[in-house]
Amino acid sequence: MEIPSKYEPKRVEERWYSYWTEHNYFSSQPDEREPYTIVIPPPNVTGVLHMGHMLNNTLQDVLIRRARLLGKNACWVPGMDHASIATEAKVVAKLKEEGINKADLSRDEFLKHAWDWTNEYGGVILQQLKKLGCSCDWNRTKFTMDDDMSASVIRVFVDLYNKGLIYRGYRMVNWDPEAKTTLSDEEVIYEERQGNLYYLSYAVEGSDEKVTIATTRPETILGDTAICINPNDDRYRHLRGKKAIVPICGRVIPIIEDEYVDIEFGTGCLKVTPAHDENDKNLGEKHNLEVIDIFNENATLNSFGMHYEGKDRFVVRKEIVKELEEKGFLVKTEQHLNKVGTSERTKAVIEPRLSDQWFLKMEDMAKPALDAVLKTGDVKLYPSKFDNTYRHWMENIRDWNISRQLWWGQQIPAYYYGDGKEDFVVAETPEEALKLAQAKNPKIQQSDLRQDPDVLDTWFSSWLWPISVFGGILEPENEQVNYYYPTSDLVTGPDILFFWVARMIMAGYEYRGKRPFENVYLTGLVRDKQRRKMSKSLGNSPDALKLIEDFGADGVRVGLMLSSAAGNDLLFDESLCQQGANFANKVWNAFRLVKGWETAALPQPEAAKIGLEWYKAKFNQTLVEIEDHFSKYRISDALMATYKLVWDDFCSWLLEIVKPAYQQPIDQKTFDEVIHLFGENLKLLHPFMPFLTEEVWQHIAERTPEDALIISKWPKADAVNTALIADFEFAAEVISGVRTIRKEKNIPQKDALELFMLNAEGVNSQMDAIIQKLTNLSKFEAVDSGMDGALSFRVKSNEYFIPMGDAIDVEAEIKKIEEELNYTKGFLNSVQKKLSNERFVNNAPEQVVAMERKKVADAEAKIETLEKSLASLK
């Protein structure tokens, strides 16, 4: 194939992705190899690719591609979540645009619209993931509403119900008035908002006395059914047994006593609204209070709201405050910082609401999941700082509200056959339900059964994901689940550590008796340069696909990885993608340079021989480092080590060492070794930059599909020659010293220099050939004493001299050295002053003091060299 002069990401990406899929490199079936399995955190079917997805899926692809190169049977299962609240909202909005009201449709009609929407718009994100290079086994794509996935959910519900773990209860729940459904505690986001505290006076029945209460929600007074005082509060003892009158509605309510009331807070009097507050509900049950619900499901007021009926709660709040003020009930208003619960999905303010719902008992299920992370280490969180968050959630777990008042989702398999709340059976099918119902009453017909209209919480399907994608619920002993489960790694965000990760661990122990995965890599949030979370509303989130178009998929992947330490937020900057694109160009140009060399039957130069030996040692050292980073899930560090190896050690050093003279050929042995090492570099780079590396790999030699880079073998580390690496580092400093003098004196590289060395301590003469080649020396010798009229520099305890003859202006050079000498002496003085301060030495961290002492030693060595250079010029 002809090698294009420029790297063209778009052409390369389309070509190799098609090639990979055509040859089924992504697909996996059980065999004798060790499995390596990742299940994708299923994105919402409504989703489109954003920066969080880009980061999360790049990390997964890096892990899966490396596992493939390690010879494991790599299986990455893709899929989508039906996202009941989000999808139903989208479908309702679309119907509204078409003039159709959901309330006018039957359930089946609505579900047809939902499936049409899903088939037309859903799953866009999976196609977009392909642009990023994600090597998922697309044949395994699952959707949480697939028939087998839904059947798994229903089976689990029935099983947990039969075990006594699922129950129906009348509880105070979190109500989302926009989605018109209940939410679990974890789906409520609490945020601080500035609000008001309203002080209202209630008349005491049969007297002129008034009692004042403080509330943040004056609209709820219409649902008040008591006023509560603390029995130990001397201020209100005389009110015992009396009654109060609710402003505006005039309802007479009892004044009750309970130590729950905080004497110090507000006025020490509490209005009790059992239908609209969890604590008030508990008081209401304890004191047998009436429960008056004043809200409709959309948080407008119902008939108990009197003349406010039909108005939104926040509109009523403003209007009722005005009315209370006009009628003399409002005593005063104070500003008050409030914690307000909002819906994670719709952002609506949550309304506490009493409702019949389905719950799953969590306490016993949480124990093995807690032990797996914190005792046995069966499941490891990276970074481990999240262990404490996990512990807090799991030790304070509450029963899970699993029912939702929606139509899109798995319908709860409970069938009612009578008028009583307990007249129901739970079964996987209507036929089984009928048998169970007939066992209670033989006269019941199929037509008498009414299935519960609610659906299950979306998370109740996704908590089974690592099991159900392999059919492990419906067929617990099938070959697929026995081979691929437990999976290997999970990559996800810490925001769903409890929603999803903890629940999958619970389900894993409940249904397989095993952990669902071994390692959980928790990514940070993607933030902008100002540390703000990326969001549509802020307009600070770049178009993910546009980034791929501008910088290439590999450039974007590298850009994301370069700033993504595990568990820490990623400060995203487009310049990082530019850096990634520049790196791709660097590799491409290095490849073109090497392929442009002519070969000939020549002896191998000494510089090339030593340079290649050094690079192999450096490669092995870096490979050990990379393996260590991967084992600790420091993926960003693994990339950085690879980046430096390829850019600095291979491109900047090795290729310069072996490069033939202008228009001269290279010896075959050196060329073959360089090509081999280039290929080894590509293997290390492939998980991060799959497209570029496959393109270069395929250009290097003729390859069959069996020889593709994607399925090649990850390099194996040999023993590391650390002495050779140290010798090269010393030589590199010598080369740098000569290059600095050339640069400062404007001496062209083509003009040969002479270099003399005083005190050849710790010097490996093997490196002389490399030093001579890279600095263009006509002479390189050791001397017994310093040289006059020469420029010098120091590397450790060795001094190097370059005779200048007439090439420099001696006076100007003396002036320049004197200036540098004065500056260095001043710097040394300031550091010594700091070290003479006992408080600093005693209180500063040990490494800080050590760093300051090193500065002293370096400055003293530099002063000595400068003084010698000055003496030689005078």
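Residues are termed buried under 20% relative accessible area, exposed over 50% and partly exposed in between, with a 1.4 Å probe and protein chains only. By this criterion, 53% of the 874 residues in the protein chain are buried. The model is predicted: local features need pLDDT of at least 70 and side-chain atom pairs pLDDT 80 or more, whereas totals for chains, interfaces and linings use all residues. Numbering runs from 1 along each chain as its sequence is written, and side-chain values use heavy atoms, without hydrogens and water.

The protein chain contains 27 helices and 31 strands, taken as DSSP runs (helices H or I, at least four residues; strands E, at least two) numbered from the N terminus. Its radius of gyration is 37 Å, well over the 29 Å of the globule rule for 874 residues, so the chain is more spread out than a compact globule; the radius is taken over C-alpha atoms, and the rule is 2.2 Å times the number of residues to the power 0.38.

The structure holds 41 aromatic pairs, defined for Phe, Tyr and Trp (its six-membered ring) by ring centres within 6.5 Å, with planes under 30 degrees apart stacked, over 60 edge-to-face and the rest tilted. W115 and F143 are edge-to-face because their ring centres lie 5.9 Å apart and their planes meet at 85°. W115 belongs to helix α4 (residues 107–121) and F143 to strand β4 (residues 142–143), so this pair ties together parts 28 residues apart in sequence. W115 is partly exposed at 30% relative accessible area, while F143 is buried at 6%.
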